[in-house]
Amino acid sequence: MIFADANFLIALFVKDHKFNKRALKIWDKINHENIIISNSIILEVMTVLNIKLKVSKELLEKIYNRLNSGKFGIVEDINLYNNTMERMVNYLPKRLPFFDCLYIEIMKELGINKIVTFDEHFNIEDIKIID
């Protein structure tokens with residue numbers, strides 16, 4: 001199993017993204033694997049695409065449908081928020097975003113130790129960044 005971070009998925013789906021070619025190469029290596037995302041990944045991807053990148057309505061719908069197509073295993077993560085908050089506070093004084101702490105928590109819960117991401121701060125504990 002491999003966990004897919006929001007920034008990887010955004011780079012994968014947006015052709016003019018600065019990491020698109022890199023994401024496509026990684027995807028070619030992993031697309032036969034069991035790729036896991038969470039409902040919060042979907043929320044984060046859609047928000048960044050809509051607000052920050054301002055992609056078209058058509059692309060928003062296409063990506064949303066692709067994320068929900070069955071290619072990705074989607075984990076419900078709301079039950080991990082309290083553990084996530086504890087993890088976030090325990091990293092202080094180093095600061096990690098809540099979402100990233102949530103994704104680490106999901107990975108620990110499911111025994112996943114591989115992630116596709118462009119965030120170096122995931123290179124902690126026993127997590128391996130796939131590149």
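I began with helix H1, where the buried residues are Ala6, Asn7, Phe8, Leu9, Ile10, Ala11, Leu12 and Phe13. That makes eight of eight residues in H1, and I therefore noted the helix as mostly covered, taking buried to mean under 20% relative accessible area. I keep in mind throughout that this is a predicted model.

**Overall build.** I then stepped back to the protein chain, for which I counted six helices and five strands. Read along the sequence, these elements follow the pattern β-α-α-β-α-α-β-α-α-β-β. Along the principal axes, the C-alpha atoms fill a box of roughly 40 × 30 × 25 Å. Of the 131 residues in the chain, 44% are buried.

**Annotation.** I looked up the UniProt record, an unreviewed entry, and found that its annotation "domain: PIN" covers residues 2-123. In the model, I find that the span 2-123 is 55% helix and 11% strand, and that its end C-alpha atoms lie 14 Å apart.

**Largest pocket.** Next I asked which residues lie nearest the centre of the largest pocket. They are Asn7, Ile10, His17, Val48 and Lys52, out of 16 residues that line the pocket. Two of these names, Asn7 and Ile10, were already in my list of buried residues of H1. Helix H1 (6-13), helix H3 (39-52) and helix H6 (98-110) each supply at least two residues of the lining. By class, I recorded eight nonpolar, two polar and six charged residues in that lining.

**Second largest pocket.** The second largest pocket has a volume of about 180 Å³, and I listed its lining as Leu12, Phe13, Lys15, Leu24, Trp27, Leu59, Lys62, Ile63 and Arg66. Here too H1 supplies at least two residues, as do helix H2 (20-30) and helix H4 (57-67). Which helix gives the most to this lining? It is H4, with four residues. The lining divides into six nonpolar and three charged residues, with no polar ones.

**Salt bridge.** Side chains of opposite charge can pair when their charged atoms come close. I searched for such pairs and the count came to one salt bridge. In it, the side chains of Arg87 and Glu105 meet at 2.8 Å, N to O. Arg87 lies in helix H5 (residues 81-90) and Glu105 in helix H6, so I noted that the pair ties together parts that are 18 residues apart in sequence. Are the two partners buried or exposed? Both Arg87 and Glu105 are buried.

**Glu109.** Finally I checked Glu109, which also has its place in helix H6. Its relative accessibility is 55%, and because exposed means over 50%, Glu109 counts as exposed, whereas Glu105 is buried. I also took the separation between the C-alpha atoms of Glu109 and Leu80, which comes to 9.0 Å although these residues are 29 residues apart along the chain.

Note on methods:
Residues are numbered from 1 along each chain as its sequence is written. This is a predicted model: local features need pLDDT of at least 70, side-chain atom pairs count only at pLDDT 80 or more; totals for chains, interfaces and linings use all residues. Side-chain values use heavy atoms; hydrogens and water are left out. On a 1 Å grid over the protein atoms alone, a cavity is a set of points where a 1.4 Å probe fits but cannot get out, and a pocket is an open set with protein on both sides within 12 Å along at least five of seven lines; lining residues have an atom within 4 Å of a point. Ala, Val, Leu, Ile, Met, Phe, Trp, Tyr, Cys and Pro count as nonpolar, Asp, Glu, Lys and Arg as charged, and the others, Gly among them, as polar. Grid points are joined across faces, edges and corners, and a volume is the space filled by probe spheres set on the points. A salt bridge is a side-chain nitrogen of Lys or Arg within 4 Å of a carboxyl oxygen of Asp or Glu. Buried means under 20% relative accessible area, exposed over 50%, partly exposed in between (1.4 Å probe, protein chains only). UniProt positions are given in the numbering used here, feature names are shortened, and annotations may be inferred rather than shown by experiment.
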